[in-house]
Amino acid sequence: MRKGIFAFTVFLLTFCSAVPLSAQRLLWDVDLKFGFDNREYASMATAPSETIFGAVLSPKAGLGFGEGHSLYAGVDVGKYFGQNDPAVTLDYLLYYQYDGRYFKVNAGSFPRNRVTGHYPTAFYDDSYFFDTSIGGALLGYTRKWWRIEGVVDWIGCHDADTRERFEVYSYGQAGAAWLGAAYTFKMLHYAGSVTVGGVVDNVWIYPHLYSDLTEFLPRRMSLDLRAGWIQTFQNDRVRGEGYATPGGFQAEVGFGYFGFGVRNTVYAGDNLMPYYYRTDLAGVTYGSDLYTGSLFYSTGSGIYNRLEISYRYDFRSFLSLRVSSVHHYDGYAWGWQQLVQLTVDLNNFQFPRRPRR
């Protein structure tokens, strides 16, 4: 990895000498994510109690050129409090970025906050707040009445002990803000390692209607709704059982006023994670390696309700604090989750250089 950083630095220096100085811009960006995620599920059998508490600092430096093009290098430095091994995690960021009038592009290892589609907790659990980078590519296209984005994220490299894993996911919508149609899609490919064979297909699609009525409401008040069907296609090929196709109806409604918010999500349908506790040929449980969403979607009761009561405070454009009380009902019992999420985003566009006098 050090060789990769050295090569990238040499490339930046070479590029600087090749592009006219007037077209170059030095860029910097520093992100911080501080989070407390406490889950009290003692009365529930569907998901375990746990506490996730930590911070991720992501400093980056880059070179801007042309109209909207840039190259960046940086790191994600993560620390989970109370954890000694490893005391600190370190991931490198090396990526190309383009922001145009309609297109946005990323390629390399780049920040996850470039993804802007709607991916509910059925697709990605709250713990992904700490997963701040993507290794792969992103392409987005936005027009007045529609938008679409697609992402490829390589999360497991095939070797002697690691199973090959990668995700392809996408979000798209079309229509007016007050009424339109949308979809959320995810495919997770879970293949074997050198020593353990087998492939598991895991495909999810959530076609739904959406409505954002904020523009019709008084200032600082918001209201949005989504309703549709989550359908999955899953196949553990090594067992030769064929496809399992659990699915169910989901409805989401969110209301906000002066930073305070209430969001309720109700799901009615099958257990969407039938292979969660299944093991591979080496006896390793598939678990969260196969399913990235909230474990509550594995309930066998046929019903799951998530109620979140929150307050969000935005200080200018670079600091955001969100405090939430989340209440889960899996058809059998209630569980309580507390979230505190602080996000800091600093860059040279917010704090440009002052011209010399």
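Is G54 buried or exposed? G54 is buried, with a relative accessible area of 0%, where buried means under 20% relative accessible area, exposed over 50% and partly exposed in between, for a 1.4 Å probe and protein chains only.

## Basis of the description

The model is predicted: local features need pLDDT of at least 70, side-chain atom pairs count only at pLDDT 80 or more, and totals for chains, interfaces and linings use all residues. Residues are numbered from 1 along each chain as its sequence is written, and side-chain values use heavy atoms, with hydrogens and water left out.

## Surroundings of G54

G54 belongs to strand 2 (residues 50–65); strands are DSSP runs (E, at least two residues) numbered from the N terminus. K79 lies 25 residues from G54 along the chain, yet their C-alpha atoms are separated by 5.5 Å.

Contact means heavy atoms within 4.5 Å. When neighbours within four places in sequence are left aside, G54 is in contact with K33, F34, G35, K79, Y80, F81 and F130.

## Pairing around strand 4

Two strands pair if DSSP finds at least two bridges between them. Strand 3 (residues 69–80) and strand 4 (residues 89–99) run antiparallel and are joined by ten bridges; within this pairing, L93 in strand 4 is the bridge partner of G74.

Strand 4 also pairs with strand 5 (residues 103–111) in the antiparallel sense, over six bridges. Here Q97 stands opposite N106 in strand 5. Three residues separate strand 4 from strand 5 in the hairpin that they form.

## Nonpolar core

A nonpolar core is a set of buried Ala, Val, Leu, Ile, Met, Phe, Trp, Tyr and Cys residues joined through side-chain atoms within 4.5 Å. The largest one has 39 residues, and those with the most contacts inside it are V115, Y169, W204, M273, L290, Y291 and Y297. Strand 4, strand 6 (133–142), strand 8 (165–176), strand 9 (179–190) and strand 10 (200–212) each give two or more residues to this core, and strand 10 gives the most, with four.

Not counting residues up to four places away in sequence, M273 touches W204, Y291, G293, S294, L295, Y297 and S298.

## Partly exposed F258

F258 lies in the loop between strand 12 and strand 13 (260–269). F258 is partly exposed, with a relative accessible area of 41%.
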